Amino acid sequence: PEGIDPAAMEETRQLVGEKFATITGYFLEDAARYLQEIEHGISGQTQSNYVAAAHTLKSSARQFGLIK
């Protein structure tokens, strides 16, 4: 699918082995929190550093082959 690098996802799967599903779950939990922080920062609801949250989310997503 567009926006997914299957080779990067497989590399992560190979690296973490049987813990892939658990780590993916952690990623999804963290992603939801980062997205909320970004949304609040952009809307001016908080003074949080949403740029750092966006960078962390982007970096983590790349580990799972999410490139767009």
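Biologist: Which element do the buried residues of H3 pack against?

Modeller: They pack against H2, where a contact is a pair of heavy atoms within 4.5 Å, and where helices (H or I, at least four residues) are DSSP runs numbered from the N terminus, as are strands (E, at least two). The model is predicted, so local features need pLDDT of at least 70 and side-chain atom pairs count only at pLDDT 80 or more, whereas totals for chains, interfaces and linings use all residues. Residues are numbered from 1 along each chain as its sequence is written, and side-chain values use heavy atoms, with hydrogens and water left out.

Biologist: Which residues of H3 are buried?

Modeller: Buried means under 20% relative accessible area, exposed means over 50%, and partly exposed lies in between, with a 1.4 Å probe and protein chains only. In H3 the buried residues are Ala53, Leu57 and Ala61.

Biologist: Why do the buried residues of H3 line one face of the helix?

Modeller: An α-helix has 3.6 residues a turn, so residues three or four places apart point the same way. The arc is taken from the directions that run from the helix axis to the C-beta atoms. Seen down the axis of H3, the buried residues fall within an arc of 65°, so they line one face of the helix. The face turned away from that buried side carries Val51, His55 and Lys58, which are exposed.

Biologist: How many residues does H3 have, and what does H3 reach from its first C-alpha to its last?

Modeller: The expected span of a helix is 1.5 Å times one less than its number of residues. H3 has 14 residues and reaches 20 Å from its first C-alpha to its last, close to the 20 Å expected. For H2, the 24 residues should span 34 Å, and its end C-alpha atoms are 34 Å apart, which agrees. H2 is followed by glycine 44, whose phi is positive, near 85°, and just after H3 glycine 65 takes a positive phi of about 80°.

Biologist: Which residues of H2 are buried, and what covers them?

Modeller: Phe20, Phe27, Ala31, Tyr34, Ile38 and Gly41 are the buried residues of H2, and what covers them includes helix H1 (6–16) and H3.

Biologist: Which residues make up the largest nonpolar core?

Modeller: A nonpolar core is a set of buried Ala, Val, Leu, Ile, Met, Phe, Trp, Tyr and Cys residues joined through side-chain atoms within 4.5 Å. The largest one here has nine residues, namely Phe20, Phe27, Ala31, Tyr34, Ile38, Ala53, Leu57, Ala61 and Phe64. H2 and H3 are the elements that give two or more residues to this core, and its largest share, five residues, comes from H2. Leucine 57 touches Phe27, Ala31, Tyr34, Leu35 and Ile38, leaving out residues up to four places away in sequence.

Biologist: How many aromatic pairs are there?

Modeller: Rings of Phe, Tyr and Trp (its six-membered ring) pair if their centres lie within 6.5 Å; planes under 30 degrees apart count as stacked, over 60 as edge-to-face, and the rest as tilted. By this rule the count comes to two aromatic pairs. Phenylalanine 20 and phenylalanine 64 form a tilted pair, at 5.9 Å centre to centre with 50° between the planes. This pair links distant parts of the chain, since phenylalanine 20 lies in helix H2 (residues 20–43) and phenylalanine 64 in the segment after helix H3 (50–63), 44 residues apart. Phenylalanine 20 is buried, with a relative accessible area of 11%, and phenylalanine 64 is buried too, with 9%. Phe20, Phe27 and Phe64 form one aromatic cluster.

Biologist: Where does the charged end of arginine 13 sit?

Modeller: A charge sits over a ring if NZ of Lys or CZ of Arg is within 6 Å of the ring centre and within 35 degrees of the ring normal. The charged end of arginine 13 sits over the ring of phenylalanine 20, 4.3 Å from its centre, and that of arginine 33 sits over the ring of tyrosine 34, 4.7 Å from its centre.

Biologist: Is threonine 12 buried or exposed?

Modeller: Threonine 12, whose place is in helix H1, counts as buried at 11% relative accessibility. Not counting residues up to four places away in sequence, threonine 12 touches Phe20, Gln63 and Phe64.
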